[in-house]
Amino acid sequence: MDHTPAGQFLGTRLRHLLDLLETDVARVYTDLGLPGFRPRYTPVIRLVHTHGPQSIRDLADTIGVTHSAISQTANQMRRDGLVDLKPGDDARHRIVHLTDHARAILPTLDAEWTATTAAARDLDAELPYPLTTLVDAALRALGEKSLRDRITDRM
């Protein structure tokens with residue numbers, strides 16, 4: 001039985017939850033014949049497939065992560081043969097293009113995406129508060145006032 005007071009070790013517990021989710025999705029990719037494929041690749045591939053070549057900045061903005069995070073992901077995807085990175089109109093911008101390999105695995109990724117979305121809805125239904133709603137609310141609240149500011153106010 002867990003005797004940890006609510007709110008303590010929140011960051012550690014959130015990382016553990018994320019690790020559980022990402023590890024299971026990565027195992028599904030392995031089961032589908034895509035060992036080493038990372039769950040963070042799928043949103044990039046889906047966006048570039050749907051909207052055409054995208055800049056790192058546009059991908060970061062659409063997905064809702066930092067420019068640095070997408071840049072690192074795109075570099076890993078390039079090493080894995082999933083994307084090509086080409087200079088944009090401004091040499092500082094890199095544009096993400098899908099490779100033939102990425103296009104070839106799109107049907108598998110679409111099937112996984114549909115199943116994962118349904119599984120996430122099932123998980124949400126089992127929880128007292130839908131995780132997706134709670135995460136969105138937490139991100140909004142932290143956008144209005146950072147955790148750093150909240151901590152500083154308490155000190």
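What we have is a predicted model, in which local features need a pLDDT of at least 70 and side-chain atom pairs count only at pLDDT 80 or more, while totals for chains, interfaces and linings use all residues. Residues are numbered from 1 along each chain as its sequence is written, and side-chain values use heavy atoms, with hydrogens and water left out.

Let me begin with confidence, given as pLDDT, the predictor's confidence in each residue on a scale from 0 to 100. The protein averages 92, and 95% of the residues score at least 70. Helix α5 (residues 100-104) has the highest confidence, at 97, and α7 the lowest, at a mean of 92.

Turning to the fold, the secondary structure comes to 8 helices and 3 strands, where helices (H or I, at least four residues) and strands (E, at least two) are DSSP runs numbered from the N terminus. Along the sequence these follow the pattern α-α-β-α-α-β-β-α-α-α-α, and the C-alpha atoms fill a box of roughly 50 × 40 × 20 Å, taken along the principal axes.

The 3 strands form an open sheet in the order β1-β3-β2, with antiparallel pairing; β1 (54-55) and β2 stand at the edges, each with a single partner strand, so one side of each is left without a neighbour in the sheet. Pairing here requires that DSSP finds at least two bridges between two strands. Strand β2 (residues 83-87) is joined to strand β3 (residues 94-98) by 5 bridges, the two forming a hairpin with 6 residues between them, and Leu 85 stands opposite Val 96 in β3.

Next comes the largest pocket, which holds about 2000 Å³ of space. A pocket, on a 1 Å grid over the protein atoms alone, is an open set of points where a 1.4 Å probe fits, with protein on both sides within 12 Å along at least five of seven lines, and lining residues have an atom within 4 Å of a point; the volume is the space filled by probe spheres set on the points, which are joined across faces, edges and corners. Its lining has 42 residues, of which Leu 18, Leu 21, Glu 22, Leu 131 and Val 135 lie nearest the centre. The elements that give two or more residues to this lining are α1 (10-31), α2, α4 (67-79), α6 (106-126) and α7 (131-144), and α1 gives the most, with 10 residues.

Finally, how accessible are single residues? Buried means under 20% relative accessible area, exposed over 50%, and partly exposed in between (1.4 Å probe, protein chains only). Thr 42, in helix α2 (residues 41-51), is buried, because its relative accessible area is 1%. Leaving aside neighbours within four places in sequence, Thr 42 is in contact (heavy atoms within 4.5 Å) with Tyr 29, Phe 37, Leu 109, Glu 112 and Trp 113. Of the 155 residues of the protein, 23% count as buried.
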